[in-house]
Amino acid sequence: MACFCATNLFLVSFEILLWTGEAADFCTSLFETQQDHTLLGHVMETVNVTDEFECHRKCIHNNTCKSFNIHPLKTNPVQETCEMNNQTRQMKPKHYKKKIGSSYHGSVEVSCVDIMETNSQQKIRHCHPEYSGKQCTVKKGSSPDFPGVSCKDIRKSTNAQNNGEYWIDPKCTGLPFKVYCDMTTDGGGWLLVMNVITGSPHSNQLSVVTSYRGISDYHSNKMVITTSAMKELYGDLNFQQIRFYCWKKSVGRTFHVVTAANSSGNAVVQYFSGLTDALPDSCGSYVRMEGDNSSLARQCEKWGRNDLPHKWSNSRVKGNKAGKRLYDHAAYILFKYHWNLNILYLENKRPFECDDFNKPQASGDFWKVFVR
C-alpha cells in the first residue's frame, strides 16, 4: 500500500525555494490548486498567458507575488488571464471566493515557529500538531488534500498517537472521506467499520452500510456493515486482521478478540469479507485482547451449531443472512453467550447481545469491529 494520495495538493522541490525565499520561520511549503475559486482584491499585476504554468513562472520571479488566479479569456480561447496576488487565501480567508471556471494557485507555508533555545544557545524547532518529520510536512490523513490509504498507512507514516477522525482514500481516487482510526490499541492502525452504541434501553435501530464509504457514518452510533461492503473494502485495502469488541453493562463482561496471524485467523478474515462461504474454525483463530473477560472467548470449543461445531457464525450463506455475517451471530455458544445485533428472532424483538443470551441492554453498551 505505497500509493501516495493527494487531490489538489502537490509537493514542490526546486520551485518552493524560489516561491518562499529564505523565510526562517518556515521549514518548507506545499503548493495547492483549488478549482472554481479565486482570491479577490489583492491583484498586483494582470497578464495574459497560454496556461497556468506560464503564470506560475511569472509569479515565482516576482518577489511580491504570493499566489495567482487563472481565469478563462472570453475574447481569446487559447489564452487565459493570469492575476498575480500579493496575498494568499490563508492570509485573507474572507476574500477567498467561489468562482466557477476560475482556479486559485498558491503556496501553503508549513510553520516550524515553535522554537526553544537551550542553555548552549542552540535553537530546537518543533513542528505544529498538523505537521511532522524533519521538514515539517503535512501529516498524512490530517486533511482531505493529503489523505492516507488506510489507518494503518497513516499510523506507519506519521506515528500518529491519537484516536479520532482521519482522511483516507484507499484507491487514490481523489475522493477522500473521513473515518475513525484507533491509533493506540495493539500498535494502532485500526479502521472502524462497525459501530453501535446504544442510547437507551430500547435503542435498536441500525444504519446498514452497503458500500464501504458509508463507514463515515460511524458517529451515528448505529452503523453496521454488510458482507458485500466488507468485500469491497478488502479488495481495496487487503486488510489482514479483524477485531471484535463489545461491552454490555447488564452482564458486566467484555468480549474483545482479534484474529490471529495464522491460517486460521486468515480464514476468519476471508469469511467475514465474503471471499469464501466456508465457516472458519473458532479455536486457534483469535487472540484475546487485554480486558477481555468473556465466557465466549474462553470456550472456543463450544462455539457454533450442533451440526457445525467449533465454528464462527451461524449465518447461512443463502438468503438475507448472507450479508449480515459481522452482526448476526458472528460468534456464539448456543443459548448462552452470543455476539448478535440482529434484533429479530422468531418474529420477536430481542436485545442486542454481547457475551449473553437475551439480557436487557442499557445506554452505553457498544459493539465495534475494526480492520487492519
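**Disulfides, cores and helix packing in a predicted model**

Cys-55 and Cys-82 form a disulfide, with their sulfur atoms 1.9 Å apart; a disulfide is taken here as a pair of cysteine sulfur atoms within 2.5 Å. The structure is a predicted model, in which local features need pLDDT of at least 70 and side-chain atom pairs count only at pLDDT 80 or more, whereas totals for chains, interfaces and linings use all residues. Residues are numbered from 1 along each chain as its sequence is written, and side-chain values use heavy atoms, with hydrogens and water left out.

By the sulfur criterion, the count comes to five disulfides. Helices (H or I, at least four residues) and strands (E, at least two) are DSSP runs, numbered from the N terminus. The link of Cys-55 and Cys-82 is right-handed, with 65° about the S-S bond. Both Cys-55 and Cys-82 are buried, where buried means under 20% relative accessible area, exposed over 50%, and partly exposed in between (1.4 Å probe, protein chains only).

A disulfide also joins Cys-151 to Cys-181, at an S to S distance of 2.0 Å. Because Cys-151 lies in helix H3 and Cys-181 in strand S12, this pair ties together parts that are 30 residues apart in sequence. The link of Cys-151 and Cys-181 is left-handed, with -75° about the S-S bond. Cys-151 counts as buried at 1% relative accessibility, and Cys-181 is buried with a relative accessible area of 0%.

Cys-283 is joined to Cys-300 by a disulfide with an S to S distance of 2.1 Å. The torsion about the S-S bond of Cys-283 and Cys-300 is about 100°, so this disulfide is right-handed. Cys-283 lies in the loop between H5 and strand S18 (286–288), and Cys-300 in the loop between helix H6 (295–298) and strand S19 (304–305), so the pair ties together parts that are 17 residues apart in sequence. Cys-283 counts as partly exposed at 34% relative accessibility, whereas Cys-300, at 15%, counts as buried.

Helix H2 (residues 52–60) also contains Glu-54. Glu-54 is buried yet has no salt bridge, the nearest side chain of opposite charge being that of Lys-58, 4.2 Å away. A salt bridge requires a side-chain nitrogen of Lys or Arg within 4 Å of a carboxyl oxygen of Asp or Glu; in assigning charge, Lys and Arg count as positive and Asp and Glu as negative, while His and the chain ends are not counted. A polar atom of the Glu-54 side chain lies 2.9 Å from the backbone nitrogen of Thr-50. Glu-54 touches Asn-48 and Val-49, not counting residues up to four places away in sequence, with contact meaning heavy atoms within 4.5 Å.

The buried residues of helix H3 (residues 151–158) are Cys-151, Asp-153, Ile-154, Arg-155 and Thr-158. These residues pack against strand S11 (164–168), strand S12 (177–182) and S13. H3 is followed by Asn-159, whose phi is positive, near 60°.

In helix H4 (residues 227–237), the buried residues are Thr-227, Ala-229, Met-230, Leu-233, Tyr-234, Asp-236 and Leu-237. Their packing partners are S13, strand S14 (207–209), strand S15 (222–225), strand S16 (242–248), helix H5 (263–272) and strand S26 (366–371). Just after H4, Asn-238 takes a positive phi of about 50°.

The largest nonpolar core has 61 residues, and those with the most contacts inside it are Leu-191, Phe-244 and Phe-255. Such a core is a set of buried Ala, Val, Leu, Ile, Met, Phe, Trp, Tyr and Cys residues joined through side-chain atoms within 4.5 Å. Strand S13 (residues 190–197) provides the largest share of this core, six residues. Apart from it lies another core, of nine residues, among them Val-47, Phe-68, Ile-70 and Met-84.

Not counting residues up to four places away in sequence, the residues that Phe-255 touches include Phe-244, Tyr-245, Trp-303, Trp-339 and Cys-354. Tyr-245 lies in strand S16 and counts as partly exposed at 25% relative accessibility. Tyr-245 and Cys-354 are 109 residues apart in sequence and 9.1 Å apart in space, C-alpha to C-alpha.

Technical notes: A polar contact is a pair of N or O atoms within 3.5 Å; within protein, one must be able to donate a hydrogen and the other to accept it, and residues adjacent in sequence count only if both atoms are side-chain atoms.
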